[in-house]
Structure formats: structure tokens, C-alpha cells
Amino acid sequence: MEAVSERELVERCRSGDETAFQELVDRYKGLVFALIARTVQDRSRAEDLAQEVFLRVHRGLPYFRGEARLSTWIYRIVANVCVHDAASRPAAISLDDERAGTHAPPSASDRQFGDFELRDRLEKAIARLPANYRLLIAAHYLEGVRYEDLADALDLPLGTVKTQLHRAKQQLRRMLETDLR
Amino acid sequence: MFCDEALDAVEAIAAGETAPEGRIAEHLASCPNCAAALVAARQLERVLQRRGAPSPPPQFTARTLTRVRRARWRSDQFVDVGFNAAIIALVVALLGGVWMLLNRTGLNAVSGDAVDLLGTGLVSLVRRIAPSLPLYAGAAALLASALAVWWWAEKDVTL
């Protein structure tokens, strides 16, 4: 049922129906923006890249053959945009620099602050991961993105997606070793 | 050596994708280092699951559609410029071809007469429409202004 409406939506977009394209943006903007914002960790940059994704979707719709699901095709565009963006911007965040002089061990009585600080350090650690690992971490923990979609979007076997995800988490665990104990 | 094997498995165990069993379960129970890694992996899993999903700004759809329209307009303009350039090139090539043809076939003399005739006709036409020329010029200026305003409005649409 959803596939049929998805196909109809694509056809309407192809025929130049702007309302249909607006519907498409409304349908996927949450997922696209969340994925990108979690990957690039800068809201204004994330908005710019999310718009770029929809621009590419608009340009590519005439060539979309419908062999893959629309969502899979959009994930593929998100992945390309994120990887391209990462390649053009060297990672600038250093976890060690942030830690120096300002980090005190969280006390048991101040768990909320500890959680907040851990989340903050987690974001910084994620920013230091390679772009494809960041995208996997972002997508895997986002509701609605299936392993299969990710595998299709990244052109990787399902097993490789799982292995890369474990490696990403392994790197994160090592970076946050002292915070997680 | 066995620690490496156990440490490779802790992420999958923490994510609930596999259960610790056999040698790995025994090792995790006896090695404090690997047990601590499993605790850390489980905590990391919890923090990652609680990680919030950022929402797009309220004006996201409108801004995206504006950007798409601008890109389409630019692309159309590019096509228009390309088309006009192709037409000009074609006209120039045609004129060049006709000129070469006239030169090679010795029809220059005849064509000279034809040009004179055409010139006379044009002068006569201009004399006839001369009284209405200000009106035509005004209409053309009005149309050009309208086109310029439209072009400027489309060009300066801000996100």
C-alpha cells in the first residue's frame, strides 16, 4: 500500500506537480535532517546539506527507475552528501583538547550532570569517527532506518554493515573508555 | 590472545545481537578487563539509544522549495542562454555560407542589386511607420522594464 502511494508520489513529482514534491519533502525531512544533523553535528550545516539532498532528489527524480525503494535511494543520496561534505572538511574536534583542564570525574551524586557530560563527550567522539561510521551510527539508532536499507544505500552486504557498526562502536568505546567506567 | 576474541564480541553482546556463551562467557566471567569492556559497551549502547533525533526547523520545507525553484530557474536560464547562443551560431554560419556561396558562384553583382532593392524597401517602410515610432519605442521600453523587474525579482529571492 505504502509502495503504491510512494510510486504515485514519484510519478506526480515527475510530472512537475510541486505539491507532490512538497509532500515528499514533508514525508522525508525528519529522517533526512536527523540523519545529517547526527552526522555533521552542526544544525545550520545540517540544514544546508539536507536541502542539498532534496535538491539532488528533485534533479534525480526523472532518472529514478523505481528499482529500489524511494527511501533507500534517498539514504544513498544522504550518504553521498555526508561523505562528500566530510571529505571537504577536515575534522577539527579533538577529544583530548576538550578534556584538558576542564574535565573532572563525575561524582555519583551528580548523575544528571555526568549523563549530560557523557552525551557531550559522546558527540565529540562521534565527530572524530570516519564519515561512513558516523552515518552508520546515526542511522542505526534512528527509528525507521532498517539494516537492509542501509546496506542497499551504502552498496554494502548486510554483514559488512553490521561489522562496520560494531567497529564504530568499538572505536567509540575506546575513545570514551574512562567516561564509561 | 583470547582477550582479543572476547573484546571483538562485546559490541554484539551489548547490542543483544548475540549471547555470551562457551569460552567467551567463561572468559568474560574471569577476566576483569574484558568484563569492564562489556560494561562500557552496554553503557555506550544505552547512551546511543537515548541520543535525541534533531528535528528540522519549522521553515525547512518552504526554504527547501525556494532553493529548488531557484536552482530550476538557473538551470532554465542556462538552457535559454545555450539555446540562444546556438541559434546565433547557426545564423552566423548560415550567413557565412550564403556569403561564400555568392562569392564562389559569381552572383555578387546580382546580390548587390538585391541588397540595394532591399535597402530601398526598408527606407520606404521606415518612412511609413516613422510617425508611430515613439509609440512602438514606448511599448518596447515598457515590456523590457517588466521583463527586467521579473528577472530581478526571481534573481533576488532570498532563502
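Visitor: Which residues have the most contacts inside the largest nonpolar core?

Guide: In this predicted model, the largest nonpolar core has 58 residues. Helix α2 of chain A, residues 18–40, gives the most to this core, with 12 residues, and at least three residues are drawn from each of domain 1 (2–88) and domain 2 (95–175) of chain A. The residues with the most contacts inside the core are A:Val32, A:Ile36, A:Val78 and B:Val10.

Visitor: Leaving out residues up to four places away in sequence, which residues does B:Val10 touch?

Guide: B:Val10 is among the residues with the most contacts inside the largest nonpolar core. Once residues up to four places away in sequence are set aside, the residues that B:Val10 touches are B:Ala37, B:Leu38 and B:Ala41.

Visitor: Which helix gives the most to the side of chain A that touches chain B?

Guide: Between the chains, 31 residues of chain A are in contact with 25 residues of chain B. On the chain A side, α2, α3 (43–60), α6 (111–127) and α9 (158–175) each supply at least two residues, and the residues of that side divide into 15 nonpolar, six polar and 10 charged. The helix that gives the most, with nine residues, is α2(A).

Visitor: Is B:Asp4 buried or exposed?

Guide: B:Asp4 lies in helix α1 of chain B, residues 2–14, and its C-alpha atom is separated by 9.0 Å from that of B:Cys34, 30 residues apart along the chain. Because a residue counts as exposed if 12 or fewer other C-beta atoms lie within 10 Å of its own, and B:Asp4 has 9, B:Asp4 is exposed.

Visitor: What percentage of the residues of chain B count as buried?

Guide: Chain B has six helices and zero strands, and residues 24 or more positions apart account for 63% of its contacts with a separation of 6 or more. Of the 159 residues of chain B, the share that count as buried is 11%.

Visitor: What ipTM does the model score?

Guide: For chain B, the pLDDT averages 86, and 94% of the residues score at least 70. For the model, the pTM is 0.66 and the ipTM is 0.73.

Terms used
Residues are numbered from 1 along each chain as its sequence is written. Chains are lettered from A and ligands numbered from 1 in the order in which they are written. This is a predicted model: local features need pLDDT of at least 70, side-chain atom pairs count only at pLDDT 80 or more; totals for chains, interfaces and linings use all residues. A nonpolar core is a set of buried Ala, Val, Leu, Ile, Met, Phe, Trp, Tyr and Cys residues joined through C-beta atoms within 7 Å. A residue is buried if 20 or more other C-beta atoms lie within 10 Å of its own, exposed if 12 or fewer, and partly exposed in between; C-beta atoms are placed from the backbone. Helices (H or I, at least four residues) and strands (E, at least two) are DSSP runs, numbered from the N terminus. Domain bounds come from an automatic or database domain assignment. Two residues are in contact if their C-beta atoms, placed from the backbone, lie within 7 Å. Ala, Val, Leu, Ile, Met, Phe, Trp, Tyr, Cys and Pro count as nonpolar, Asp, Glu, Lys and Arg as charged, and the others, Gly among them, as polar. pLDDT is the predictor's confidence in each residue, from 0 to 100.
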